[in-house]
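Dear colleague,

Please find below the structure that I am handing over to you. My findings follow directly after it.

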Amino acid sequence: MAMFPPEDIILRILVAAAVLVLSYFLGGYAKSRLERVLSKFGAGFARKVSDLVRYFILFIGIAAMVSILSLDIMAISVIIVAILILLLVSMRDIVLNLAAELYLATRKPFKENDWIKVGEIEGSVKSIGGMDTEIITYDGDLVIVPNSYFLRHPIINKSRSLARYVELKLSFPRMKLDKLEQAVVEVLDEIKPELFGDPELLSMSEKDDRVEAHVSLPIVNVRKLRWLTARMAKGFLTRGIEVEIE
Amino acid sequence: MRVLLIGGGHSAYFAANSIKEIDPDGKLIIIEFTSEKVEVLSKTFPFAEVVQQEIDGVESYIRSNASILDAVIAATESDSLNLRYCKAARENAIPLIIAILNNPMNKEIFLKEGVRYIINPYGIIPVELSEILGSATNIIYKIPSGSVMMASLKVENEDELRKLRRKLRGSDDVSALLVSTSGEIKSSIEEADMRGRLYLMGSEEKLKKILDSFRRRKK
């Protein structure tokens with residue numbers, strides 16, 4: 001501090017700002033280099049360590065900046081609290097993901113290949129990582145869920161039973177009930193080899209100019225649902241029956 | 001259910017017959033590597049679709065059928081191939097993956113790779129030997145999804161039976177059946193006052209504790 005005369009406050013602010021900018025870029029550079037070097041230990045681990053180093057360098061830069069500005073204790077305390085709050089807010093997701101990782105590792109609410117429902121997402125667990133979990137949905141889409149999501153939503157593990165019972169609504173426009181029942185039974189019979197047990201015709205009713213039927217299909221691989229509905233639609237079409245499946 | 005069975009050896013033969021019995025209407029696809037075996041398998045299992053594939057082509061078959069396959073059973077005569085195919089099935093999120101082992105020592109490797117259902121055809125040897133030779137305790141079966149187990153204990157005197165009665169009294173998660181040396185069967189060990197073999201079925205956790213304390217007493 002001795003190299004700056006007390007009245008030269010502008011110069012001190014400029015040097016302090018330069019130190020802060022330098023530490024910001026240095027932190028970024030150290031992060032990218034470290035991430036590359038540590039990647040052999042796993043991407044998640046490399047990211048966590050390099051983030052910590054980056055924040056440490058930033059902290060040193062801020063400490064140097066405070067020292068250059070020669071602020072009093074009160075001002076330093078206010079700055080430290082503000083930085084801590086800022087850090088906590090900016091690292092909120094990282095902290096939450098780390099907490100979730102700990103939760104998943106100790107509580108083990110599901111395993112790979114389990115069928116789970118969490119929030120709006122339902123599917124089969126493909127892999128459980130340090131930061132996120134991969135889930136394959138009904139439609140075969142791969143959803144990457146940050147682990148912190150599991151802390152905020154209740155997890156339903158449906159893996160105790162091998163089959164899921166999927167209910168479908170079949171609508172037959174311009175059809176009469178008496179002509180349809182046999183066709184529905186036949187089409188369900190055709191897809192039976194793909195199911196885990198017998199498909200069930202839950203209900204059939206006439207509404208205005210259409211017939212509505214509800215069926216329940218026990219399916220092991222729910223990704224085949226789209227394929228099955230296409231096969232059912234084809235089955236009805238070959239019988240000259242138009243159908244809409246929901 | 002659509003099941004892919006890989007292999008055409010002895011294990012696959014038993015697996016194919018069991019699948020037919022369990023799910024007579026299901027769709028079974030068998031993959032074999034040689035054309036001669038494919039021909040034989042087609043005749044032996046007319047209910048199945050037998051496909052010839054190169055050893056290295058099985059993974060791509062799994063990948064391209066992943067959205068419609070319900071189960072993959074790796075039952076070739078090589079554990080390293082079985083592991084490869086189980087890994088491919090896992091990567092493609094097939095819901096049910098089963099490996100049939102050739103060498104029981106490889107079980108740990110399959111477990112480490114995340115294969116949950118591993119059938120060890122040799123596992124029956126120690127169980128049968130223990131029953132035939134009358135070992136003090138014998139774990140007969142653990143259900144694959146865990147939590148339930150069946151075990152047997154050799155009861156040699158009234159004191160042992162009394163202690164077991166005490167342990168089992170009031171526990172509604174373990175059932176017992178006593179078979180005397182003369183072959184008489186008693187479903188309630190409260191009434192039994194004979195030597196023989198006690199068969200227990202129920203909670204794995206509880207049964208393990210009973211077996212441990214029984215073994216300790218025997219020592």
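Of the 246 residues in chain A, 22% are buried. Please bear in mind that this is a predicted model. The secondary structure of chain A consists of seven helices and nine strands.

Five strands of chain A are arranged in an open sheet, in the order 4-3-2-1-5, and their pairing is antiparallel. At the edges of this sheet are strand 4 (142–146) and strand 5 (155–157) of chain A, each of which pairs on one side only. If direction is ignored, neighbouring strands of the sheet are turned against each other by 40° on average.

One pairing within chain A may be followed in detail. Strand 2, residues 121–128, and strand 3, residues 132–137, of chain A are paired in the antiparallel sense, with five bridges between them.

I turn now to the two chains together. How many residues of chain B are in contact with chain A? There are 15 such residues of chain B, and they are in contact with 17 residues of chain A. On the side of chain B that touches chain A, seven residues are nonpolar, five are charged and three are polar.

Yours sincerely,
A colleague

Definitions and conventions:
Residues are numbered from 1 along each chain as its sequence is written. Chains are lettered from A and ligands numbered from 1 in the order in which they are written. This is a predicted model: local features need pLDDT of at least 70, side-chain atom pairs count only at pLDDT 80 or more; totals for chains, interfaces and linings use all residues. Two residues are in contact if their C-beta atoms, placed from the backbone, lie within 7 Å. Ala, Val, Leu, Ile, Met, Phe, Trp, Tyr, Cys and Pro count as nonpolar, Asp, Glu, Lys and Arg as charged, and the others, Gly among them, as polar. Two strands pair if DSSP finds at least two bridges between them. Helices (H or I, at least four residues) and strands (E, at least two) are DSSP runs, numbered from the N terminus. Axes are lines fitted to C-alpha atoms, for helices over the stretch in contact, and angles run from 0 to 180 degrees between N-to-C directions. A residue is buried if 20 or more other C-beta atoms lie within 10 Å of its own, exposed if 12 or fewer, and partly exposed in between; C-beta atoms are placed from the backbone.
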